[in-house]
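My notes follow the model.

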Amino acid sequence: VGGGQEGGRRSGTENVPFIVALGEAAERMQRCLTNGAETGVRRMRDRFESQLLERVPGTVVNGDREHRLPTTSSLTFPGLEAVELLILLDKAGISCSAGSACHSASVHPSHVLEAMGFSAQHAASTLRFSFSRFNTEADADTAVEIVCQIAAKLRALNATKEPGSPVVTNG
């Protein structure tokens, strides 16, 4: 019960400083996009993907290579489990996900990849990497090196383990 703001739907005073801040944030983002930040992020993502495609055998980029967000890379590493990759990448300081951002705490394969026609096995070998204007080419290059090392390590371990046995590593 109170004033007649919002056509009588709620009372209270509008948070003017937050409204102004949101407007300023939107203007800054627009300037950032106009100044080529989106192109730089796309270029960094594409370079990251190209290096992994060259260096990690069998790697697949999911989705259309041209018509997609410039900030996101969905990569499948056949023969490797996303859960195992996630654990080792996190330990090495690389943040990524096995699913969508809204399900980042879940290790269930991406329902989006399954809806795109990929098998559950394909989805279970997929990681999503995200980039922003705050990342650098050096960040992406470091991530490539770490992903390559971890993928090689897991492939070597998988080649020597019994089928169905868990992978156990000491780092």
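These are my notes, from the whole chain down to single residues.

**Whole chain.** I am working with a predicted model. I looked up the secondary structure and found 6 helices and 3 strands. Along the sequence I read the order α-α-β-β-α-α-α-β-α. I then checked burial: 30% of the 171 residues count as buried. For accessible surface I got about 10,600 Å². Carbon and sulfur atoms hold 58% of that surface. I also looked at contacts between residues at least 6 apart in sequence. Of these, 66% join residues at least 24 apart.

**Asn62.** Where does Asn62 lie? I found Asn62 in the loop between strand S1 (60–61) and strand S2 (72–76). Is Asn62 buried or exposed? Its relative accessible area is 6%, so I list Asn62 as buried, the cut-off being under 20%. Next I looked for a side-chain partner.

**Helix H3.** I moved on to helix H3, residues 82–91. Which residues of H3 are buried? I noted Ala82, Glu84, Leu85, Leu86, Leu88 and Leu89. I then asked what covers the buried residues of H3. The cover includes strand S3 (126–130) and helix H6 (137–160). Last, I checked the backbone just after H3. Gly93 has a positive phi there, about 90°.

Methods
Residues are numbered from 1 along each chain as its sequence is written. This is a predicted model: local features need pLDDT of at least 70, side-chain atom pairs count only at pLDDT 80 or more; totals for chains, interfaces and linings use all residues. Side-chain values use heavy atoms; hydrogens and water are left out. Helices (H or I, at least four residues) and strands (E, at least two) are DSSP runs, numbered from the N terminus. Buried means under 20% relative accessible area, exposed over 50%, partly exposed in between (1.4 Å probe, protein chains only). Contact means heavy atoms within 4.5 Å. Accessible areas come from the Shrake-Rupley method with a 1.4 Å probe; for residues, only the protein chains shown count as cover.
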